[in-house]
Amino acid sequence: MALRAYLQQLFDNNDVKRIRSEVNSDLEIAAMCRREFASESGGHALLFEAVKGTSVRVAANLFGTKERLLRMLEVDEGLLIKKIRAMIQSGTQNSAANLVAACNKASEYSVAPEYQQSDLTLKDIPALRSWPEEKDPYLSLALTHTVSPATGVCNLGLYRAALIGNQDIALNFAAGSGADCHLQLAEERGEPLPVVLIIGPDPALFWAASAPLPTDCSEYGFAAEITDRPVSLSPCLTQPLSVPANAEILIEGEIRAGERVSEGPFGNHTGQYVERNDCPLMKVTAIRHRAQPILPVTVVGPPPSENIRLAYLNELLLREMLCYDFPLIADLVMPEMTIFHGAAIIAVRDCSSEDVADLIQQLIKTTSLGRSRLLVLVDDDINIHDLNMSWWRTVNLLRPERVTATAKGLIINATGIDRERLVTEDRVTARRVDRCQ
Ligand SMILES: Cc1cc2nc3c(=O)[nH]c(=O)nc-3n(C[C@H](O)[C@H](O)[C@H](O)COP(=O)(O)O)c2cc1C
């Protein structure tokens, strides 16, 4: 589904506000987005039709509610779980291996691109400056497409991109990210890494590109399997890559070996400005776009922030994968506000303390939770979706010897409640009270 078709669905559902008066991409749009998202129940999607100094329109708050998230994937929650289970439970006992196999089998079609125009320069793209101390404007929903120079496997990642010059973009992918691995391989060979920034493709790719998928799992295949929508690709003009044919804007370019640049300050999800002085520098080689293209944006910063809503989908995926891989895990919750640090609460089935210790050792080795800043394990007699209950139980069982420091954070083992001594309602009395009501 093209971004435009998704927006049309939102229009048909009276879920978009059109803003026809002129707005400025410098601070003003971000402030309006934040206000809309903070309004009751996540607000509406926004389409800014008259952005100062450009013909490009800006779409925001595209996945700010659970309903819009699921609409983006054209599934309800039950169907989404069914599709994830179908992928991770077929084949081996390892959910990641099964997911990779399922996603990498999706067929790809080569079609003519829908972005036929080439009038825009970087200056015409109304990337947002969202907070007063930010120096440069940022693309917050551009998807970075790269291909491994060693294996030819492609990666799609959602990383912030600062527009720092007429042909220059600072691409902030973290060490260990998919794009970083490809760049390292290219640099070892002394070759430039071809890159395409995909702006406004099928909205299901926003999730696929930011989801904690296993290495070498095709993000395109994942989105196609979830949505039943085929992957249609077109060759680039100036780089040896093929990318989605229905995007709004494509920025082609390359990162030359060793070229780095300073980036920031950027107002990030910790609520603080961050800077980086070794950010990979992308040199733009071509820009193509549709007529009157639409730039999708999300405003990063302290909560409440729309993009942490993607956490709900990530949590759902990881819950299914971990429950399949580790039968001792009964449930998993990743509190929305801490999702970007992989913080999780895990409910563990009745088992021995040795089994729990073994489970912890195995979890540290997983790619999904191995880099978590905080893992809390509790017994499965409480509802961990009630964060107060998890907090209550954790503090009650907290002892220094139950806390393990890892390379990335802490693991708190708050399991081991004596299930025989749990205080519960007497059933006979409870029934009597019910009758009195
Ligand atoms: C709005 C948003 C902005 C993000 N910005 C960055 C970023 O600048 N750098 C980064 O490494 N990851 C960022 N992430 C997280 C990555 O998208 C996520 O870790 C993804 O799995 C990376 O894909 P990869 O493993 O293929 O590299 C962001 C996520 C979201 C939702």
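1. Let's start with a pair of helices in this predicted model. Helix H5 (residues 95-104) packs against helix H8 (residues 219-227) at an angle of about 85 degrees, and their axes are 7 Å apart. That angle makes H5 roughly perpendicular to H8, because angles from 65 to 115 degrees count as such.

2. Which residues make this crossing? From H5 come Leu99, Ala102 and Cys103, and they meet Gly221, Phe222 and Glu225 in H8. Sorted by class, the residues of this contact are 4 nonpolar, 1 polar and 1 charged.

3. Stepping back to the overall fold, you will find 12 helices and 21 strands in the chain. The radius of gyration is 23 Å, close to the 22 Å that the globule rule gives for 437 residues, so the chain is as compact as a globular protein of that length. If you want dimensions for a figure, the C-alpha trace spans about 75 × 55 × 40 Å along its principal axes.

4. Now to the empty space inside. Rolling a probe the size of a water molecule over the atoms shows where such space is left. How many cavities of 30 Å³ or more does a search of the whole structure find? The search finds 3. The largest cavity has a volume of about 100 Å³, and 15 residues line it. Closest to its centre are Cys33, Arg34, Phe37, Val299 and Glu306.

5. What gives the most to the lining of that largest cavity? Helix H2 (residues 28-38) does, with 3 residues.

6. H11 supplies the largest share, 5 residues.

7. How does the lining of the second largest pocket divide by class? There are 11 nonpolar and 3 polar residues, and no charged residues.

Definitions and conventions: Residues numbered from 1 in each chain as written. Predicted model: local features only at pLDDT ≥ 70, side-chain atom pairs only at ≥ 80, totals over all residues. Heavy atoms only, no water. 1 Å grid on protein atoms, 1.4 Å probe; cavity = no way out; pocket = protein on both sides within 12 Å on 5 of 7 lines; lining within 4 Å. Points joined across faces, edges and corners; volume = space filled by probe spheres on them. Helix = DSSP H or I, 4+ residues; strand = E, 2+ residues; numbered from the N terminus. Axes fitted to C-alpha atoms, helices over the stretch in contact; angles between N-to-C directions. Parallel < 35°, antiparallel > 145°, perpendicular 65-115°, else oblique. Contact = heavy atoms within 4.5 Å. Nonpolar A, V, L, I, M, F, W, Y, C, P; charged D, E, K, R; others polar. Rg over C-alpha atoms; globule rule 2.2 N^0.38 Å.
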